[in-house]
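Please open the structure in a viewer and keep a selection tool at hand.

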Amino acid sequence: MSAAPSLLPAGLEDQLPPWAETEAQALSTILETARVFGYDRVKPPLLEYEETLTAFAPDSLRKGFKLADPQAEGLLVVRSDKTGQVIRIAQTRLKDEPRPLRLSYGGQILRAKGSQLRPERQFTQAGVELIGVPDGAESQALIEIIDLCMSALTNAGVQDVTVDLTLPQIARAAAQSDPVLIQALNERNAALAESVGDAARGVVNLIDAFGPWRGAVEIMDQVQLGKDVRELETVAQAVEARHPAVEVLVDPAELRGFDYHTGLSFVLYAKGVRGELGRGGLYQAGDEQATGFTLYMDSVLRALPAQNPPEKITVSADTDTKEIARRRAAGEIIVVDLA
């Protein structure tokens, strides 16, 4: 008898014990943390009409597998990110709900292509969106989002987290759509930026400012970035005060993955873990100001301590069923021997 084929598509994998259970527990912990912060859970569908998603999702969140709907005319998209779906829900089904609107989510996504740091194409995404941020409350909203994110990761068991605060709107302005300057920002290559001439000065300043937030603020103050630096300083101080074990850095040259973000943003890393744990920041949801974060559960799993298989106790088939039920209710894992 020949073995059944077991090859899976690139970027897809089976999740085996104990990691499947570990992910489920971590996801539950993250969403429970969001709940006690006042965020209500939503569950959008796996598929959307391309036309519907295009109307609400930023360009960078529309990329995914496409297929024809056999039950109706129209092209379907398999979600590659849940943020655009939550924006759609907020602006349609929940458009009359009081603002700010606090929503959380968790579930699988599928991407057409992986990246060098994240070759996985299917993974679980968890996050929250705070939609309808009042004018003038941007810093406070972002502090809440990062506080919630760090609390969720801590509750799930993740340690040694670094928060990189970013200023994508300033980096975009400094690059002036010049491909060489964009490359210099992505590579943190000041020498490449300087090859462009005087126009590169702003890019070089942003590259030089990377590091612990206090030193970065001093450098950015010298080039008079004003209000954006004060906002960054306020957020960094608050994060450090609430989560003193977290290292707060500033990476003002970061552009990748922040296509639709309009203000102060952040990326999360854990020491020794491949890929980012997640990211978030300020963005525009239609005519509403919003902020939120996304956690990538594949990276979160890599940041958790090694898992030991749970102890399973085997009992004979003639064991009293009430005794088995009592022990299971007490938390023991009881396996009945079928032999």
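**The whole chain**

Begin with the entire chain in cartoon view, bearing in mind that this is a predicted model. The chain has 12 helices and 14 strands, and its C-alpha atoms fill a box of roughly 85 × 55 × 50 Å along the principal axes. Of its 339 residues, 47% are buried. Among contacts with a separation of 6 or more, 64% join residues 24 or more positions apart.

**Helix H9**

Select residues 213–222, which form helix H9, and show the side chains of Trp213, Ala216, Val217 and Met220, the buried residues of this helix. Now look down the axis of H9: these buried residues fall within an arc of 100 degrees, and they therefore line one face of the helix. The spacing follows a general rule: an α-helix has 3.6 residues a turn, so residues three or four places apart point the same way.

**The aromatic pairs**

The structure holds two aromatic pairs. For the pair at this stop, select Phe123 and Tyr296, whose rings are edge-to-face, with 5.8 Å from centre to centre and 90 degrees between the planes. Phe123 belongs to strand S6 (residues 122–131) and Tyr296 to strand S12 (residues 288–296), so the pair ties together parts that are 173 residues apart in sequence.

Move on to Tyr260 and Tyr283. Their ring centres lie 5.5 Å apart and their planes stand at 75 degrees, so this pair is edge-to-face. Tyr260 is in the loop between S9 and strand S10 (261–270), whereas Tyr283 is in strand S11 (residues 278–285); the pair links distant parts of the chain, 23 residues apart. Tyr260 is buried with a relative accessible area of 16%, and Tyr283 is buried at 1% relative accessibility.

**Backbone features**

Most residues other than glycine have a negative phi, and most peptide bonds are trans. The remaining stops depart from this pattern.

- Select Pro17 and Pro18: the peptide bond between them is cis, with omega near 0 degrees. Pro18 sits in the segment before helix H1 (19–36).
- Select Arg99 and Pro100: the peptide bond from Arg99 to Pro100 is also cis, with omega near 0 degrees. Pro100 is in the loop between helix H3 (83–91) and strand S5 (101–110).
- Select Ser177: its phi is positive, near 60 degrees. Ser177 lies in the loop between helix H5 (168–175) and helix H6 (179–187), and it is exposed at 65% relative accessibility.
- Select Arg188: its phi is positive, near 55 degrees. Arg188 lies in the loop between H6 and helix H7 (190–194), and it is partly exposed, with a relative accessible area of 27%.

Methods: Residues are numbered from 1 along each chain as its sequence is written. This is a predicted model: local features need pLDDT of at least 70, side-chain atom pairs count only at pLDDT 80 or more; totals for chains, interfaces and linings use all residues. Side-chain values use heavy atoms; hydrogens and water are left out. Helices (H or I, at least four residues) and strands (E, at least two) are DSSP runs, numbered from the N terminus. Buried means under 20% relative accessible area, exposed over 50%, partly exposed in between (1.4 Å probe, protein chains only). Contact means heavy atoms within 4.5 Å. The arc is that of the directions from the helix axis to the C-beta atoms. Rings of Phe, Tyr and Trp (its six-membered ring) pair if their centres lie within 6.5 Å; planes under 30 degrees apart count as stacked, over 60 as edge-to-face and the rest as tilted.
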